[in-house]
Amino acid sequence: MGKLFLGLDSSTQSLSAVVIDLDAHKVIYEKSLNFDEALPQFKTKHGVLPNRDALVKHSSPLLWAAALDLLFAQMKKDKVALGKIIAVSGSGQQHGSVYLTEKATETLATLDPKKSLVENLDGVLARKTSPIWMDSSTTKECAEIRKKLGGIKFTASRTGSDTFERFTGPQIRKFYKTEPKAYEKTTSIALVSSFMASLLAGKIAPIDFGDGAGMNLMDIRRKNWNHDALKATAPSLVKKLPLLAPSGHVIGPVSAYFVTKYGLNPEALATTWTGDNPASVIGLGLIKPGQVAISLGTSDTFFGTMADCHTDENGEGHVFGSPTGGYMTLICFKNGSLAREKIREQYKISDWKKFGELVASTPPGNNDGVILPWFETEIVPRSNKAGVRRFNLDEKNAAANCRAVFEAQMLSMRLHSQWMQVAPEKILVTGGASNDRALLQVLADVMNCRVERIEVSKSAALGAALQAAHGWLTATNKNPKWEKIIAGFTKPVPGSEIQPDKKAAKIYDKMVERYAACESDALDVI
Ligand code: XUL
């Protein structure tokens, strides 16, 4: 057995683990634990707590902690060689924030293995729930911060993104405005990623440059807290934020809690976590500038690596720090598999195979039928009113609606990624829906680009494991090269390549304009 590294991914709906053997260039263990199923006592639906206000989407930090216990117990049961793990890293759903009291530091340092993590965390949360990336209740706070920072362009060029409802800064501002006492009681604010890293490390973990860039608080170029942004957000914020550090940076040895309880190697190193998208960039092997991928997950994301920091003047896309040390771009479309699932439910389509068959049974361009599948409020284009709109599309036609939803998602990606000015040679695709060739053909045709599937169902957790390896190699002065670390882990699936169909691509060149007109129509009404 070679050197083992553990990567964890705390996403919206699940916690996943990937263990890699770095010397053998192999994943040796993978497991996922679905929050709703494994921890029904927290009463989440798709990982989100019910709320009367449709714009408010919170989850529970205690749920994430409980899942960490359960997943370690599962790994122990599955006889994973936890005693041989050299370093642990992770990734979290981005932007979500956890509010800790002054008790946190001591509690984290003395986690009692006789109790569960949830029991240990008694009195540590200054706010019971965490706003997560699906929340869109902070439009007012976004406007206030944006104004103080000088408008969209300046906000984006300073913090990497315009203010967005789900970003942590506007969320912190709302918390400060609506619950000032609880804000005052908060001595430390964590992201989902740094909260989980804090549990593993037994101390308050730094926030990394990847996830830190999703807060509207970090100076994207200098990679330190931007004091104007902090001032525009809430008072005394600088005292409540932890240090910033590179992704995968060694924090210290893992907490004794995991050693005693689950047999984790006492010398294993806990490292800083990052966001799920920056981790996926590594998990998909996008280490060179210009490489692009699309992840078809709960949200659909379009991302790639960049050598220099180039921000979106229109404020739709984001720039985050990449775990490789450079930058990455990201555009997040909230109604991803969320919308595909809703269409599947509406038309009672038994499985995804059938969904793909229905798409394949319809022509490219869908006879001009267009849907705007905004089952939830949308991030890009920004639309704070949920609502599905159909144009020249018969609601009764199941097949046409299946094609319409995926075409709309791809056309939207094409339209809203133009600012990146990248002309990729090929696009790597990952995530649940990437298994279906009919869908990939639509993607290749809309983007007019070669597409290849990369079969890393847990790209974020894998990226986190590779990040753990990089962090350990750096800390032990081995001067690691990313090419060498990712070698063998991130190969596209042989035979999965799909070429664009020239005729279909021409249809989409026209259709993107029609789609854009439908979008502006809908946005005008809103
Ligand atoms: C990215 C974003 C989502 C979450 C999903 O900005 O909000 O992709 O990271 O977990």
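The ligand and its shell

A: Let's begin with Ser299: one of its polar side-chain atoms lies 3.3 Å from an oxygen atom of the ligand, which is a polar contact (a pair of N or O atoms within 3.5 Å). Arg166 also reaches over with its side chain, placing a polar atom 2.8 Å from a ligand oxygen. Gln94 does it another way, with a backbone N or O atom 3.1 Å from an oxygen atom of the ligand. As for cover, the ligand on its own has 290 Å² of accessible area, and the protein hides 96% of that (Shrake-Rupley method, 1.4 Å probe).

A quick word on what you're looking at: this is a predicted model, where local features need pLDDT of at least 70, side-chain atom pairs count only at pLDDT 80 or more, and totals for chains, interfaces and linings use all residues. Residues are numbered from 1 along each chain as its sequence is written, and side-chain values use heavy atoms, leaving out hydrogens and water.

Besides Gln94, Arg166 and Ser299, the residues around the ligand include Thr12, Gln93, His95, Trp133, Asp276, Asn277, Thr301, Leu330 and Cys332 (a heavy atom within 4 Å).

Zooming out, domain 1 (4–279) and domain 2 (286–455 + 494–526) each contribute at least three residues to the shell around the ligand, with bounds from an automatic or database domain assignment.

Definitions and conventions: Polar contact = N/O pair within 3.5 Å; in protein donor to acceptor, adjacent residues only side chain to side chain.
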